[in-house]
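Subject: Structure handover

Hello,

Here is the structure for your set. My notes on helix packing and aromatic rings follow it.

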Amino acid sequence: MATRRTIGAFLPESHGLKEALLEAVEVARWAPNHRRTEPWLFVDLGPETIEKVLTLNDQILTASKGAEFAATKRKQWAEIPGWLVVGCKIADNPEIAEEDYAACACAIQNFTLSLWSRGIASKWSTGEITKQAEFAKTCGLDPENHRIVGLIWYGFPAKVPTGSRQRTVDQILTRLP
C-alpha cells in the first residue's frame, strides 16, 4: 500500500489488463458497506464509448479552455489503455446516501490496490467531465439515480514516481485516555 502512487502516464501495453480488471472488481465488491446495500456499479468502457467520452470532453474543454488545450488533452486521454467508471446508486435517505458514497470510495481503494498488486497503475479522476449528466448517460448510468464516484484510468505505468506522505502517524493520530 505504501508504494502505490497515482499514475497519469501509461505504457500502451494492454496484455492482461482485462483479467486484472475482473479480479480487481471482485476485490472491490468486498469493500466495507454498513447497510449491505452494495451501491457500487462498475462500467468498463470500450473503444466506442471512450471515443464518445473524448468528444464530450473536447466540447467541455473547448468551451472553458480553448481548442488547443482540448486537443492536447484528447491526445493524452486517447493513449490510456484502461477506463472504468464507478457509479453509486443514489439512496433516498441522505444518511444512507452518504454511507453508500463512502462504501464506493472504499471499493475504489480496494480496486486500485488489487491492480497495483499486479503491477498495474491507476488514476482516480473526479474531473469536470464526471460531473456532467451526459457523461453518466454515455457510460450507461442514469444521472437521476446514480452518482459518478470516479473515472478510473489504469494500465502499466510509464514511470512510477517516488515519494512519501508529508504527515507522520504521530501528526495525525490522537490518543485519548
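In helix 1, Ala20, Leu21, Glu23, Ala24, Val25, Val27 and Ala28 meet Ala107, Asn110, Phe111, Ser114 and Leu115 of helix 4 (contact: heavy atoms within 4.5 Å). This is a predicted model: local features need pLDDT of at least 70, side-chain atom pairs count only at pLDDT 80 or more, and totals for chains, interfaces and linings use all residues. Residues are numbered from 1 along each chain as its sequence is written, and side-chain values use heavy atoms, with hydrogens and water left out.

Helix 1 covers residues 17–28 and packs on helix 4 at about 140°, axes 8 Å apart. Helices are DSSP runs of H or I, at least four residues; strands are E runs, at least two; both are numbered from the N terminus. Axes are lines fitted to C-alpha atoms over the stretch in contact, and angles run from 0 to 180 degrees between N-to-C directions. That angle makes helix 1 oblique to helix 4 (under 35 degrees is roughly parallel, over 145 roughly antiparallel, 65 to 115 roughly perpendicular, the rest oblique).

Now the rings. There are four aromatic pairs (centres within 6.5 Å; planes under 30 degrees apart are stacked, over 60 edge-to-face, the rest tilted). Phe111 and Tyr154 pair edge-to-face, at 6.3 Å between centres and 85° between planes. Phe111 sits in helix 4 (residues 94–117) and Tyr154 in strand 4 (residues 146–155), so the pair ties together parts 43 residues apart in sequence. Ring pairs also link Trp77, Trp83 and Trp153 into a cluster.

Best wishes

Notes
Phe/Tyr/Trp six-rings, centres within 6.5 Å; stacked < 30°, edge-to-face > 60°.
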